Amino acid sequence: MKAPREITPTTTLRTLALLIIFAFSSILSIAQQEKLMLHFDGGNGPGNGKNIVLIAGDDEYRSEEGLPMLAKILSTHHGFNTTVLFPIDPENNEVVPNYKSNIPGMEALEEADLAIILLRFRELPDEQMRYFDEFLKAGKPLLALRTSTHAFNYGKENTSPYAKYHWQSKSPGWEKGFGRKILGETWVAHHGHHAEEGTRALLDGIQAAAKNPILNGVKDIWAASDVYTVTNIGEDANVLIHGASTSGMTPESPINWEKSLMPVAWTKSYALEGGKMGRVFASTMGASVDLLSEDLRRLIVNATYWGLDMEPQIPEKANVSIVGTYEPTMFGFDNFREGMKVSDFE
């Protein structure tokens, strides 16, 4: 009969060490397999075969919640392939909206036919930013929401060739940065009283009378985010919707007629030096709670078709029903959900 193996302190420590190594290896393997971006294959629909990249990256208006929801609508109801990128803390692979220097997957823009962004004060490394710059040089269509007017914020000592994108840039030809050059406006001010006044959308009569297809089925938009000050969006801009400040934070709140109207959604063209001409749709609306408005979702879906030169295929009333559940967080700094993973938004 074989004598039982003697268990010594050395044996116990060796076994414990092996267990720790195994556990660490398992955790590392799981971390390496963690998703750093979302992808939804398009179903049947006019957008079949077209690729859309949605880039979330703001620390106030919960783009990490709103853009995945829009991606699902575009894929499920309209056939587009969609990819959603997020601000990721590389130490734990968590979605951290105020981590401003890392958005993995920017290379997806190489195959993108259109991009939708909601960014605020990002300072991305050159190896990520170059894909965005090349996207714009190619003249590809862009939809920019809410704080994208001030999407980038480079430090004074930053010598990046993309520092000209800074929202207060003084670089010749890039004065006021990405917002002014590409969208028509940078950050100016809150025209409405932030978090106390919302936005009531008023369709531009000329665009409505001309039956601009971007306005198909768009009748009633109220957004909880306030009206931004817009001073100069360029002569080639077509204002689709003006925004009136509402005296309160509900759709029933009356308009504050003491404040002037401001453009809150418009289209225009853009071009980088040596690049091709591209189409841009911009809106100062777009917070995750704003997107509870069915017609705001419809406006964005319609603008996607327009950006892709698919105006004849814009539905009279696009299906924008939410896929799954959607319970957006009210906007605010540092009120994002902690411990978020990309897979949470599948």
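Reply: The residue to begin with is V342, which is found in the segment after α6. The model is a predicted one, and what follows describes that model. V342 has a relative accessible area of 1%, so with burial set at under 20% V342 counts as buried. Setting aside residues up to four places away in sequence, V342 touches K35, L36, M37, L38, F86, I88 and V95. For a sense of distance, V342 and Q168 are separated by 174 residues in sequence and by 32 Å in space, C-alpha to C-alpha.

E34 sits in the loop between α1 (9–33) and β1 (37–40). E34 has 26% relative accessibility and therefore counts as partly exposed. Apart from its neighbours within four places in sequence, E34 is in contact with N92, N93 and K341. By contrast, E34 and N51 are 17 residues apart in sequence, yet their C-alpha atoms are 23 Å apart in space.

D89 is buried but has no salt bridge, and the nearest side chain of opposite charge, that of K341, is 9.4 Å away. A salt bridge requires a side-chain nitrogen of Lys or Arg within 4 Å of a carboxyl oxygen of Asp or Glu. Leaving out residues up to four places away in sequence, D89 touches E94, V96 and Y99.

Side chains of opposite charge can pair when their charged atoms come close. In the whole structure, a search finds 18 salt bridges. The chain carries 32 positive and 44 negative side chains, and the centres of these two sets are 3 Å apart.

One of the salt bridges joins the side chains of E134 and R130, with an N to O distance of 3.4 Å. Because E134 and R130 are four residues apart in helix α3 (residues 126–137), about one helical turn separates them. Both ends of this pair are partly exposed: E134 has a relative accessible area of 38%, and R130 has a relative accessibility of 32%.

A second salt bridge, between the side chains of E197 and K259, has an N to O distance of 2.8 Å. E197 lies in the loop between α4 (177–183) and β8 (198–203), and K259 in the loop between β10 (238–246) and β11 (262–270), so this pair ties together parts that are 62 residues apart in sequence. E197 is buried at 8% relative accessibility, whereas K259 is partly exposed at 24%.

R200 and D220 form another salt bridge, and their closest N and O atoms are 2.6 Å apart. This pair links distant parts of the chain, with R200 in strand β8 and D220, 20 residues away, in the loop between α5 (205–209) and β9 (222–223). R200 is buried, with a relative accessible area of 15%, while D220 is partly exposed, with 49%.

L142 is in contact with residues including A115, I117, F132, L136, F178 and V280, its neighbours within four places in sequence being left aside.

As for the chain as a whole, it has six helices and 12 strands. Of its 346 residues, 54% are buried. Its C-alpha trace spans about 100 × 45 × 40 Å along the principal axes. Among contacts between residues at least 6 apart in sequence, 74% join residues at least 24 apart. The accessible surface of the chain amounts to about 15700 Å², and carbon and sulfur atoms account for 53% of it.

Note on methods:
Residues numbered from 1 in each chain as written. Predicted model: local features only at pLDDT ≥ 70, side-chain atom pairs only at ≥ 80, totals over all residues. Heavy atoms only, no water. Helix = DSSP H or I, 4+ residues; strand = E, 2+ residues; numbered from the N terminus. Buried < 20%, exposed > 50% of the residue type's maximum accessible area, 1.4 Å probe, protein only. Contact = heavy atoms within 4.5 Å. Areas by Shrake-Rupley, 256 points an atom, 1.4 Å probe, with all protein chains shown as cover. Lys, Arg positive; Asp, Glu negative; His and termini not counted. Charge placed at Lys NZ, Arg CZ, Asp CG, Glu CD.
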